Amino acid sequence: MALHAVSPAAAASPPCTLSSARIPQRPGCGCLSNRSSLLSFSTNFMNLHSGAVGFFSVPLVFQHSDKRRVALAVLRHATIEEIEAEKTIIEDQAKEKMEKALETMQTNFNTVRTGRANPAMLDRIEVEYYGTPVNLKSIAQINTPDASSLLIQPFDKSCLKLIEKAIVAANIGVTPSNDGEVIRVTVPPLTSDRRKEMAKTVAKLSEEGKVAIRNIRRDAIKAYDKLEKEKKLSEDNKKDLSADLQKITDEYMKKVESIQKAKEQELSKV
């Protein structure tokens, strides 16, 4: 079978059959049915670094020797704008998710006790309120009267004992004092052993943040894999886009390390 390739500029013109493109057929072989057959052929290439980016479809026309059966294949051009749009969507979604991962990690860091009283250290404490676990901050007001203590005022005084029990169970290194009206929490200075223990907790939370960011990168790569399977990206295209995504990932990994370092410095202060 002889195939004739038409230039991209000719794609907009009505295709014509070529007498030189004939398909030999043995009588009765059934190679071609009475319906027209469609042959899809696409040559894709793109070079992001040089700025010459494009997907080119090569229209192919061939005709059977009896001039009665014609098959035509023309694939639509994919523009650089379409590729950039896909890239922007995928990268923006990845950045948004990575930002949320950083926020979650920072919130978790705030719950790690340092030498100073901070209401955030109670953020993860849940209280069994009428049989339902609820966040402490949703049922009480928490103030910091001084640098070494917290004052917890529940909206419903009947849950004072429940709050006290939840704080003790949280094992954050403080002992609550219930006077029947409010709960006072004195934050003692960190001992050397406690600092080491908190530093390990910070390292663990930091690693969880890095894992979350790696998983976001993995999902974005899967999106590029899908585009490649759909013939919207060549293998080289995917490698280039993946490299750009890795740069974004590296930036967020540095942010994680920066937040971790700041928390470790806070723990080291006496």
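View 1. Rings of Phe, Tyr and Trp (its six-membered ring) are paired if their centres lie within 6.5 Å, and planes under 30 degrees apart count as stacked, over 60 as edge-to-face and the rest as tilted. The count by this rule is 1 aromatic pair. The ring centres of Tyr 129 and Tyr 130 are 4.7 Å apart and their planes stand at 70°, so the pair is edge-to-face.

**View 2. Lys 255 over the ring of Tyr 252.** Lys 255 lies over the face of Tyr 252, at 4.3 Å from the ring centre, where the criterion asks that NZ of Lys or CZ of Arg be within 6 Å of the ring centre and within 35 degrees of the ring normal.

**View 3. Thr 249 in helix 4.** Thr 249 belongs to helix 4, which covers residues 235-268 (helices are DSSP runs of H or I with at least four residues, strands runs of E with at least two, numbered from the N terminus). Thr 249 is buried, with a relative accessible area of 3%, and, its neighbours within four places in sequence left aside, is in contact (heavy atoms within 4.5 Å) with Met 98, Ile 213 and Arg 217.

**Notes.** Residues are numbered from 1 along each chain as its sequence is written, and side-chain values use heavy atoms, with hydrogens and water left out. Because the model is predicted, local features need pLDDT of at least 70 and side-chain atom pairs count only at pLDDT 80 or more, while totals for chains, interfaces and linings use all residues.

Conventions. Buried means under 20% relative accessible area, exposed over 50%, partly exposed in between (1.4 Å probe, protein chains only).
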